[in-house]
Amino acid sequence: MFTSQICSHPGCKSYVSAPFGTCFHHSGSKEKEIILESLRKTLSSRTTVRDVSIIGGDFENLDISGKSIWASNFSFSTFRSCDFSSSRISTSFFDMCIFIDCVFSELSARYCVFSGSRITRCSFAMSTMFNCNLIGLDCLDNDFSSSDLYFSNFSMSRIENTKFEDCNIKRTNYKACALKNVSFRYSNTQDAYFS
């Protein structure tokens, strides 16, 4: 699991971004570039990224396709036009993030937290997301078609112009959601929780 060491900046409660003693937000521009370059090198040379903590990162055109991310923390980060297709993510934090025009097709995610995030114009088609926390999403113009969302929780989310067509939504929680122009065609809605 990523380090639980707290940032040395006075009053900050965020976790540090290795190898520095501050979180990503409180790192200088040179340190931030070193942290991001280290992540890029890891992604280009290995198939697995583990124990990374980059809170408040800003990523554009990042290619994570086919990679594995384990026990990492990317809370409060922004992802623009990033490719997560066919990646495997487990026990990782993407809460309070912004995802715009990203591809998650054929993603395999387990025990991940996306709560409070804003997801816009992204494709999760043909993905498997088991027991993921998606509470309080701002979910606009997305496609989850042909996905297995077993036991995931979308409660208290605003979901608009989004497809959940031909999905397994057994035990998936949509309670207290604001749904507008959402399609569940061919999905097993009788096995999901709605308010």
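Is Ser-53 buried or exposed?

1. This note concerns a predicted model, and the opening question can be settled from its computed surface: Ser-53 is buried, because its relative accessible area is 7%, and buried means a value under 20%. The residue belongs to the loop that runs between strand β1 (48-50) and strand β2 (58-60).

2. When its neighbours within four places in sequence are left aside, Ser-53 is in contact with Phe-2, Tyr-15, Val-16, Ser-17 and Asn-73.

3. Asp-166 is another loop residue, found between strand β11 (158-163) and strand β12 (178-183). Its relative accessibility is 45%, so Asp-166 counts as partly exposed, since that class lies between the 20% limit for buried and the 50% limit for exposed.

4. Apart from its neighbours within four places in sequence, Asp-166 is in contact with Ser-146, Ser-147, Arg-185, Tyr-186 and Ser-187. A further distance can be given for Phe-144, which is 22 residues from Asp-166 along the chain, while the C-alpha atoms of the two are separated by 9.0 Å.

5. Turning to the aromatic rings, the count of aromatic pairs comes to 27. One of them is formed by Phe-79 and Phe-94, and this pair is tilted, with 6.0 Å from centre to centre and 55 degrees between the planes. Phe-79 lies in strand β4 (residues 78-80), whereas Phe-94 lies in the loop between β5 (88-90) and β6 (98-100), so the pair ties together parts that are 15 residues apart in sequence. Both partners, Phe-79 and Phe-94, are buried.

6. What is the arrangement of the rings of Phe-84 and Phe-104? Their centres are 4.5 Å apart and their planes meet at 10 degrees, so the pair is stacked, because planes under 30 degrees apart count as stacked. This pair, too, links distant parts of the chain, with Phe-84 in the loop between β4 and β5 and Phe-104 in the loop between β6 and β7 (108-110), 20 residues apart.

7. Phe-84 is buried, with a relative accessible area of 1%, and Phe-104 is buried with a relative accessible area of 1%; the reader may check each value against the limit of 20%, under which a residue is called buried.

8. A last point concerns a charge and a ring. The charged end of Lys-32 sits over the ring of Phe-24, at 5.4 Å from the centre of that ring.

Definitions and conventions
Residues numbered from 1 in each chain as written. Predicted model: local features only at pLDDT ≥ 70, side-chain atom pairs only at ≥ 80, totals over all residues. Heavy atoms only, no water. Helix = DSSP H or I, 4+ residues; strand = E, 2+ residues; numbered from the N terminus. Buried < 20%, exposed > 50% of the residue type's maximum accessible area, 1.4 Å probe, protein only. Contact = heavy atoms within 4.5 Å. Phe/Tyr/Trp six-rings, centres within 6.5 Å; stacked < 30°, edge-to-face > 60°. Lys NZ or Arg CZ within 6 Å of the ring centre and 35° of its normal.
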